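The sequence and the model are shown first.

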Amino acid sequence: MKDDRIKKITEKKGFFKHNNFEFVEVTENRAIIKANLTENSMNPYHIVHGGLTFGLGDMAMGALLSAKGRSAVTLNANITYLKPGKGNYITAKAEIVKYGKQTAFAKCNIYNEKEELIATMDGNYFFID
């Protein structure tokens, strides 16, 4: 990972650790983050909670921007759930669509452990540095 600051901020505490996220790959061109699923990851129907899926995608898109050396917050994000999340883990793969001076637009696909697409999302981010 080119910029270890996002790793230092997220891996040791907070939302990232609480939800069992782990970095797979973060470069200036893409970010891949995995969520290891536990009973606490599930909704009452025993599928991955939509909020966890959303948080994973948002984290992947944010990590990607951080790898480019910028700090950003989410302006808005949209998600479309395509299939129930099941298995031992889900993975978010993010890429930048547009990178501007004050904002960026990214997209992210989220997969189950069989590499089946379970959700797709996009988001607008505002640079705070």
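A residue counts as buried under 20% relative accessible area, as exposed over 50%, and as partly exposed in between. By that scale Lys107, with a relative accessible area of 40%, is partly exposed. The model is predicted, and the values below were computed from it.

**Salt bridges**

The structure contains five salt bridges.

| Pair | Closest N and O atoms |
|---|---|
| Asp129 and Arg70 | 2.9 Å |
| Lys93 and Glu115 | 3.1 Å |
| Glu95 and Lys107 | 3.6 Å |

Lys93 has a relative accessible area of 29% and is partly exposed. Glu115 is likewise classed as partly exposed, at 45% relative accessibility.

In the salt bridge of Glu95 with Lys107, the closest N and O atoms are 3.6 Å apart. Here strand S4 supplies Glu95 and strand S5 supplies Lys107, a link between distant parts of the chain that are 12 residues apart. Glu95, at 38% relative accessibility, counts as partly exposed.

**Charges over rings**

Two of the residues above also sit over aromatic rings. Arg70 lies over the face of Phe127, at 3.9 Å from the ring centre. Lys93 lies over the face of Tyr111, at 5.0 Å from the ring centre. A search of the whole structure for aromatic pairs returns one.

Arg70 and Phe127 meet again in the surroundings of Lys101, which contacts both of them when neighbours within four places in sequence are left aside. Lys101 is located in the loop between S4 and S5. With a relative accessible area of 76%, Lys101 is exposed. Its C-alpha atom is separated by 9.3 Å from that of Phe126, 25 residues apart along the chain.

In soluble globular proteins, nonpolar side chains tend to be buried together. The largest nonpolar core in this model has 30 residues, and the members that touch the most others are Phe21, Ile33, Leu56, Ile90, Cys108 and Ile110. Two or more residues come from each of strand S1 (21-26), strand S2 (31-36), H3, S4, S5 and S6. Which element gives the most to this core? H3 does, with nine residues.

Phe21 is in contact with residues that include Phe15, Phe16, Ile33, Leu52, Leu56 and Met59, leaving aside neighbours within four places in sequence.

**Asn112**

Asn112 is part of strand S5. Is Asn112 buried or exposed? At 6% relative accessibility, Asn112 counts as buried. Its side chain is joined to that of Glu116 by a polar contact of 2.7 Å. Not counting residues up to four places away in sequence, Asn112 touches Lys86, Tyr89, Ile90 and Ile118. Among these, Ile90 is also one of the core members that touch the most others.

Notes. Residues numbered from 1 in each chain as written. Predicted model: local features only at pLDDT ≥ 70, side-chain atom pairs only at ≥ 80, totals over all residues. Heavy atoms only, no water. Salt bridge = Lys/Arg side-chain N within 4 Å of Asp/Glu carboxyl O. Buried < 20%, exposed > 50% of the residue type's maximum accessible area, 1.4 Å probe, protein only. Helix = DSSP H or I, 4+ residues; strand = E, 2+ residues; numbered from the N terminus. Contact = heavy atoms within 4.5 Å. Phe/Tyr/Trp six-rings, centres within 6.5 Å; stacked < 30°, edge-to-face > 60°. Lys NZ or Arg CZ within 6 Å of the ring centre and 35° of its normal. Core = buried A, V, L, I, M, F, W, Y, C linked by side-chain atoms within 4.5 Å. Polar contact = N/O pair within 3.5 Å; in protein donor to acceptor, adjacent residues only side chain to side chain.
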